[in-house]
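The sequence and the coordinates are displayed first.

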Amino acid sequence: MSLIRAVCTVSVLVSSSLSSVALAAEPPEEAGPPPQLSVEVGGTLAAIRHPATEVPTIRSQVRTVNARRSAARLSGGLHFNLVRGSDRSDWWWTNGIDWYLAGGDVQVLALRPGLEKRFMLTRTLTLGVSAFGSAAEASLPTGRVNALRPGDPGYRPVGGNNLYEGRMRKWAFGAGGLVALQLQLSRLVHARVHGGYTHYFREADGLRATAEAEPFTVRLNGPFAGALVGLML
């Protein structure tokens, strides 16, 4: 009986040792590749200030544009991971675009290229701090109707409406920063809330709907805050 017990004990020890060696020899599971691209869309509330003015219409009439201090804007972004060997707490090149929903009379489209540093707070929550430049185009209707000519982009020789309303356009240039919290909802989908401030060194001034109108300035300096939903690839 003692011999049988000794043999069983040796067998158990040998089996345990082999199992431990086999487990140690197994390579660790490799983590998936970090995301390289992020596409986002959402909404933002931002500052936009301009006085009341009158603008001509294409029917040789005049309508009033009310003064404004803020406006919602449709926001989107396309972000690129610059540090491909790390996790999501790294550097991203950001490209934002904002369309101000200020009505059809005063139109503003802004572009925001920038650089963002991201820090992992938890497994699913990321803090982003970024600085960006901004270029915004503001325009007013002039009441004139122009026509596309053969060879112009968008011209259609048969059955096309080649008429469009003329607009006066001015550019504004500035810079700013923002702070964002990003929550990873799944492997691909995330939600993002951000807030920041933009300062324009050159404003969109000198806009004139007609030669007789007073100069019109669109000021975009101020804070903004918004929420977006994105897809990470």
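The chain exposes about 13900 Å², and 62% of this area is supplied by carbon and sulfur atoms. Accessible areas come from the Shrake-Rupley method with a 1.4 Å probe, and for residues only the protein chains shown count as cover. The model is a predicted one: local features need pLDDT of at least 70, side-chain atom pairs count only at pLDDT 80 or more, and totals for chains, interfaces and linings use all residues. Residues are numbered from 1 along each chain as its sequence is written, and side-chain values use heavy atoms, with hydrogens and water left out.

## Fold

Helices (H or I, at least four residues) and strands (E, at least two) are DSSP runs, numbered from the N terminus. Read from the N terminus, the order of elements is α-β-β-β-β-β-β-β-β-β-β-β-β.

Eight of the strands close into a barrel with antiparallel pairing, in the order β1-β4-β5-β6-β7-β8-β9-β12. Two strands count as paired if DSSP finds at least two bridges between them. On average, neighbouring strands of this sheet are turned by 25 degrees against each other, direction ignored. The axes behind this angle are lines fitted to C-alpha atoms, for helices over the stretch in contact, and angles run from 0 to 180 degrees between N-to-C directions.

Strand β1 (residues 37-50) is joined to strand β4 (residues 68-81) by twelve bridges, and the two run antiparallel. Within this pairing, T44 has R73 of β4 as its bridge partner, and G43 stands opposite L74. β4 also pairs with strand β5 (residues 91-100), in the antiparallel sense and over nine bridges. There, S75 stands opposite D98 in β5.

Contacts, meaning heavy atoms within 4.5 Å, can be sorted by sequence separation. Of the contacts in the chain with a separation of 6 or more, 64% are between residues 24 or more positions apart.

## Core

Of the 233 residues in the chain, 36% are buried. Buried means under 20% relative accessible area, exposed over 50%, and partly exposed in between (1.4 Å probe, protein chains only).

The largest nonpolar core has 25 residues, of which I48, Y100, V106, V108, V218 and L220 touch the most other members. At least two residues of this core are supplied by each of β1, β6 (107-120), β7 (125-147), β8 (163-184), β10 (204-207) and β11 (216-218). β7 gives the largest share, four residues. A nonpolar core is a set of buried Ala, Val, Leu, Ile, Met, Phe, Trp, Tyr and Cys residues joined through side-chain atoms within 4.5 Å. In soluble globular proteins, nonpolar side chains tend to be buried together.

Neighbours within four places in sequence aside, V106 is in contact with H50, V65, S139, L140, R167, F216 and V218.

## Charged pairs

The structure holds eight salt bridges, each a side-chain nitrogen of Lys or Arg within 4 Å of a carboxyl oxygen of Asp or Glu.

| D98 | R112 | 2.6 Å |

R169 is partly exposed, with a relative accessible area of 43%. Salt bridges with shared partners join E40, E116, R118 and R192 into one network. Of these, E116 and R118 are both buried.

D98 is in strand β5 and is buried, with a relative accessible area of 0%. Leaving out neighbours within four places in sequence, D98 is in contact with R73, L74, S75, V108, L109, A110 and R112. The C-alpha atoms of D98 and A110 are separated by 5.1 Å, and these residues are twelve apart along the chain.

## A buried loop residue

N162 is found in the loop between β7 and β8. N162 is buried, with a relative accessible area of 14%. Residues up to four places away in sequence not counted, N162 touches N146, A147, L148, G154, Y155 and R156. N162 and N146 are 16 residues apart in sequence, and their C-alpha atoms are 8.3 Å apart in space.
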